[in-house]
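Here's a quick tour of a protein model, written for someone just starting out.

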Amino acid sequence: MVEPTPSSAAPVPTRGDRPVEPTIFEKHSPGACALTLPALDVDETPVPAALMGDAPNLPTISMPQVIRHYTHLSQRNFSIDGEFYPLGSCTMKHNPRINEWAAGLPGLTSIHPLQDDEDVQGALKLLYETRTFLESVAGLHEASLQPAAGAHGEFTALKVIHAYYKANGQERRTKVLAPDTAHGTNPASCAMCGASVIAVKTKNGYTDTDDLQRIIDEEGADTIMAFMITNPNTAGLFDKEISRIADIIHKAGAKLYLDGANMNAILGKTRPGDFGADAMHYNTHKTFSTPHGCGGPGAGPIVVTKELAPFLPSPQVVKRDDDSYALDFDRPQSIGRVRAFFGQFGVLVRCWTYIRACGAEGLEEVAELAVLSANYLAARLRDRYDVLYFSPEDKRYCAHEFVTVPRALLDKGVKLNDIAKRLIDYGVHPPTMHWPVHDCLMVEPTETEPLSMLDRFVDAMRAIADEIDCDPASLAKAPLEATVRRVDVVGADRHPRVVFEG
Ligand SMILES: Cc1ncc(COP(=O)(O)O)c(C=O)c1O
């Protein structure tokens with residue numbers, strides 16, 4: 001139910017903490033108009049009556065009111081531009097504004113995707129360079145920039161691998177293996193490609209290679225298409241057995257697919273091609289600071305070995321012998337297009353800008369800082385929040401993120417959700433919850449936070465632990481300071497209307 005607009009006489013909080021922001025429809029003001037269109041300077045062509053319906057019932061509202069409406073809404077939003085957002089695996093990091101500047105340059109925004117190659121040499125050069133940067137960071141042969149998100153990259157690469165096996169008379173290879181901690185998009189992408197997925201056990205956070213071998217033997221090596229692995233994985237662990245895993249997979253005649261979502265932890269330190277990957281995707285939002293695609297429209301470029309390259313999507317951006325750039329459609333074994341035109345051009349411009357701005361050394365520093373920040377937090381929190389697989393005494397560190405199961409605090413009667421919600425009161429977005437294991441928080445600070453912010457987060461987490469020691473029940477209604485308090489999460493999932501408590 002929409003609550004009534006406060007009467008004009010009532011005091012109203014001045015910023016984003018207004019209890020209710022009426023919808024723009026409720027602000028309808030007959031006769032008001034937010035913009036004036038220029039006078040018509042061409043002959044009017046009436047729309048045929050058969051195509052006309054009832055006019056949509058849109059509100060009219062003046063420009064200042066429109067601006068205030070959306071400004072109020074944006075002030076209520078929790079965002080990386082306003083707050084710390086340590087969302088494990090999903091990586092919310094600062095997007096440098098130079099990316100936006102580059103993507104907004106008129107020479108890039110006003111071109112048409114169907115212009116002749118000769119007219120858009122600059123744009124093609126940018127795409128080609130992005131391609132080659134991604135190939136060299138991966139240590140693999142050829143990239144496709146078409147996929148519009150990490151998940152779309154997984155789907156596209158599996159299609160490429162499938163096409164490769166089909167061309168080689170091995171269509172029996174339809175099974176994909178993935179660790180039981182895999183990101184949900186991994187099995188989903190397999191299903192979209194018509195492949196079946198088999199979960200491989202993990203031991204202490206790592207792939208259990210005995211279970212991997214057992215499954216291959218039981219299922220039959222010649223039915224296995226690929227093993228999909230995220231490395232470093234979502235528990236923040238880099239699997240040092242990865243080359244051995246690659247050997248096991250290659251011995252079975254299958255391909256090793258790297259979910260490259262966590263490349264920000266290993267940029268310039270190691271290359272997937274060097275540890276045995278045959279194909280991989282990047283999530284440009286997580287590694288190269290672009291807006292997140294969430295299935296699209298972002299960018300999830302893939303990179304593959306030479307033997308898989310002929311099957312990549314078409315067209316491919318290429319550099320000709322005369323140093324000009326072109327779109328190559330002559331790729332007879334290609335799986336075809338997976339995205340209109342050449343992919344998400346504006347996002348790829350941001351990706352190129354970030355890579356150019358960092359340079360090779362800067363990218364390596366990104367990895368170092370991401371890993372250092374996560375280890376700093378884990379080390380400072382572990383006496384109050386058990387950090388899984390983390391033990392500096394035994395030289396067991398985390399990569400860019402870590403997982404805590406705060407059992408001792410949960411045993412005092414609070415729910416994980418209470419801790420997460422209380423963090424909002426401290427100005428921190430809750431970390432990812434209940435994945436890869438139940439009752440865990442997955443924390444990823446990223447490389448873009450200063451030490452002072454990391455310390456503030458530690459202070460907040462420790463203060464919450466102290467609150468639980470004193471009065472666990474006090475967290476049950478958190479957040480206490482936010483505009484929107486507890487939402488009915490089950491109701492929100494099952495019904496489109498959200499019910500507010502408190
Ligand atoms: C490990 C992992 N794999 C795959 C994805 C899917 O990527 P996207 O959201 O870009 O489709 C994500 C999400 O960021 C992820 O964390």
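Leaving aside its neighbours within four places in sequence, which residues is isoleucine 242 in contact with? They are Ile229, Asn231, Leu256 and Phe275. Keep in mind that this is a predicted model.

**Around isoleucine 242**

- You'll find isoleucine 242 in helix H8, which covers residues 242-251.
- Isoleucine 242 has a relative accessibility of 3%, and because buried means under 20%, it counts as buried.
- Threonine 207 is 35 residues away from isoleucine 242 in sequence, and their C-alpha atoms are 9.0 Å apart in space.

**Strands E6 and E7**

- Leu256, one of the contacts of isoleucine 242, is also the bridge partner in E7 of phenylalanine 227.
- Strand E6 (residues 224-230) pairs with E7 in the parallel sense, over five bridges.
- Strand E7 spans residues 255-260, and six of its six residues are buried, so the rest of the structure largely encloses it.
- In a regular strand, side chains alternate between the two faces of the sheet.
- For E7, both faces are covered: Lys255, Tyr257 and Asp259 are buried on one side, and Leu256, Leu258 and Gly260 are buried on the other.

**The ligand and its shell**

- Asp259 turns up again here: along with Ser89, Asn283, Lys286 and His292, it comes nearest of the 16 residues around the ligand.
- The side chain of aspartate 259 has an N or O atom 2.6 Å from a nitrogen atom of the ligand.
- Serine 89 puts a polar side-chain atom 2.6 Å from an oxygen atom of the ligand.
- Lysine 286 has a polar side-chain atom 2.8 Å from a ligand oxygen atom.
- Taken alone, the ligand would expose 390 Å², and the protein buries 96% of that.
- Sorted by type, the shell holds four nonpolar, nine polar and three charged residues.
- Helix H5 (150-167) and helix H9 (284-287) each supply at least two residues of the shell, and the largest share, three residues, comes from H5.

**Two antiparallel pieces**

- Strands of a sheet pair through backbone hydrogen bonds, either parallel or antiparallel.
- Three strands make an open sheet with antiparallel pairing, in the order E12-E14-E13.
- Strand E12 (402-404) and strand E13 (432-433) are at the edges with a single partner strand each, so one side of each has no neighbour in the sheet.
- E12 and strand E14 (residues 441-443) are joined by three bridges, and valine 403 stands opposite methionine 442 in E14.
- Elsewhere, strand E10 (residues 316-319) pairs with strand E11 (residues 325-328) over four bridges, again in the antiparallel sense.
- Glutamine 316 has aspartate 328 in E11 as its bridge partner.
- The hairpin of E10 and E11 has five residues between the strands, and aspartate 323 in that hairpin takes a positive phi near 70°.

**Two buried helix residues**

- Asparagine 375 lies in helix H10 (residues 345-381) and is buried, with a relative accessible area of 12%.
- What does the side chain of asparagine 375 reach at 2.8 Å? The backbone oxygen of cysteine 398 is the atom in question.
- Not counting residues up to four places away in sequence, asparagine 375 touches Phe390, Tyr397, Cys398 and Ala399.
- Histidine 69 sits in helix H1 (residues 63-75) and counts as buried at 4% relative accessibility.
- Leaving out residues up to four places away in sequence, histidine 69 touches Glu21, Pro22, Thr23, Ile24 and Lys27.

- The peptide bond from asparagine 231 to proline 232 is cis, with omega near 0°, and proline 232 is in the loop between E6 and H8.
- Another cis peptide bond runs from alanine 478 to proline 479, with omega near 5°; proline 479 lies in the loop between helix H13 (451-470) and helix H14 (489-494).
- Serine 289, in the loop between H9 and strand E9 (302-304), has a positive phi near 50° without being a glycine.
- Lysine 395 isn't a glycine either, and has a positive phi of about 60°; look for it in the loop between H10 and E12.
- Are these two buried or exposed? Serine 289 is buried, with a relative accessible area of 1%, whereas lysine 395 counts as exposed at 64%.

Technical notes:
Residues numbered from 1 in each chain as written. Predicted model: local features only at pLDDT ≥ 70, side-chain atom pairs only at ≥ 80, totals over all residues. Heavy atoms only, no water. Near = heavy atom within 4 Å. Polar contact = N/O pair within 3.5 Å; in protein donor to acceptor, adjacent residues only side chain to side chain. Areas by Shrake-Rupley, 256 points an atom, 1.4 Å probe, with all protein chains shown as cover. Nonpolar A, V, L, I, M, F, W, Y, C, P; charged D, E, K, R; others polar. Buried < 20%, exposed > 50% of the residue type's maximum accessible area, 1.4 Å probe, protein only. Contact = heavy atoms within 4.5 Å. Pairing = 2+ DSSP bridges.
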